[in-house]
Amino acid sequence: MFFAPRNKETALGMYTPLYFIALAVCIVLIIVGLILSRKMNKKQVYKTLVIIGIFLWITEIIKMIFYFVTYGLEDVDFIPLYFCSMYMYASALIMFKNEKLKNTGLSFMFFGGIIGAIVFFCYPSACVPNYPLFHYMTLRTFIYHSLMIYAGFLIVITGYYKPNAKHFFHYSIFLGIAFILAYILNIALEDNLMYIMKPIKIAISQNAYNWNPTLYPFIVGILEIVGPFWATYFIYWLVMKIKNINKKTENV
């Protein structure tokens, strides 16, 4: 059962009571994890990020093997190219000594990773509709996205990473390369990497696709690059603004 094929009849399902229980468990574990690790030094944070990155790459390889054995070679994504998959590449970038590469990886973890994982939990279309809760694919996707949120907050609350609007330049190049590669592979393989070729089951997505299927990939690509970064940056800026106002009030 742990590696059984897709079966919608036994699947966890989107927005079922059991799904919300599993989500609540993830939220609690994320909060507890952040409380326990909020005083980590930079060396400890780095080691934690490396361990998370290695763990996620190992689980991705196991996922590829599962798809190959269960469904055949055609279903295997040998180059994981979805928005949340970018976390794995970001985890590799932080290992470089080059500050630009390192900040590119860290900027995705914070600006892209948190909101990307939250969007997944709000619309869990991958795995959840096809596999039961205690299946490798379902448990892996819950753990994967929970770790994305945990790591994104960890690097900021510990001071390991200082969010900066200037990082958008390299962040956008990072995602832009992924978008171009995904678009080429989608055309060549008739795939839907980065979810840019076909609309998801949300009205605004389907309406945009119906309006212009040719422009749709580029509209989605631009939104994926620009939206999460600046939405997260605005929230961060607002929180810091309020924090500074409170500090000034306390000092009066």
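A pocket here is an open set of points on a 1 Å grid over the protein atoms alone, where a 1.4 Å probe fits, with protein on both sides within 12 Å along at least five of seven lines; lining residues have an atom within 4 Å of a point. The structure is a predicted model, in which local features need pLDDT of at least 70, side-chain atom pairs count only at pLDDT 80 or more, and totals for chains, interfaces and linings use all residues. Residues are numbered from 1 along each chain as its sequence is written, and side-chain values use heavy atoms, without hydrogens and water.

Of the 18 lining residues, Phe110, Phe153, Val156, Tyr236 and Val239 are the closest to the pocket centre. Helix 4 (99–122), helix 5 and helix 8 (216–251) each give two or more residues to this lining. Helix 8 supplies the largest share, seven residues.

Helix 5 (residues 136–157) also packs against helix 1 (residues 17–37), at an angle of about 30° and with the axes 10 Å apart. That angle makes the two helices roughly parallel (under 35 degrees). Helix 1 passes helix 5 in a right-handed crossing.

The table gives residue classes.

| Site | Nonpolar | Polar | Charged |
|---|---|---|---|
| Helix 1 with helix 5 contact | 12 residues | three residues | no residues |
| Second largest pocket lining | 14 residues | two residues | two residues |

Ala, Val, Leu, Ile, Met, Phe, Trp, Tyr, Cys and Pro count as nonpolar, Asp, Glu, Lys and Arg as charged, and the others, Gly among them, as polar.

Terms used: Axes are lines fitted to C-alpha atoms, for helices over the stretch in contact, and angles run from 0 to 180 degrees between N-to-C directions. Helices (H or I, at least four residues) and strands (E, at least two) are DSSP runs, numbered from the N terminus. Angles under 35 degrees count as roughly parallel, over 145 as roughly antiparallel, 65 to 115 as roughly perpendicular and the rest as oblique. A crossing is left-handed if the near helix is turned anticlockwise from the far one by less than a right angle, and right-handed if clockwise.
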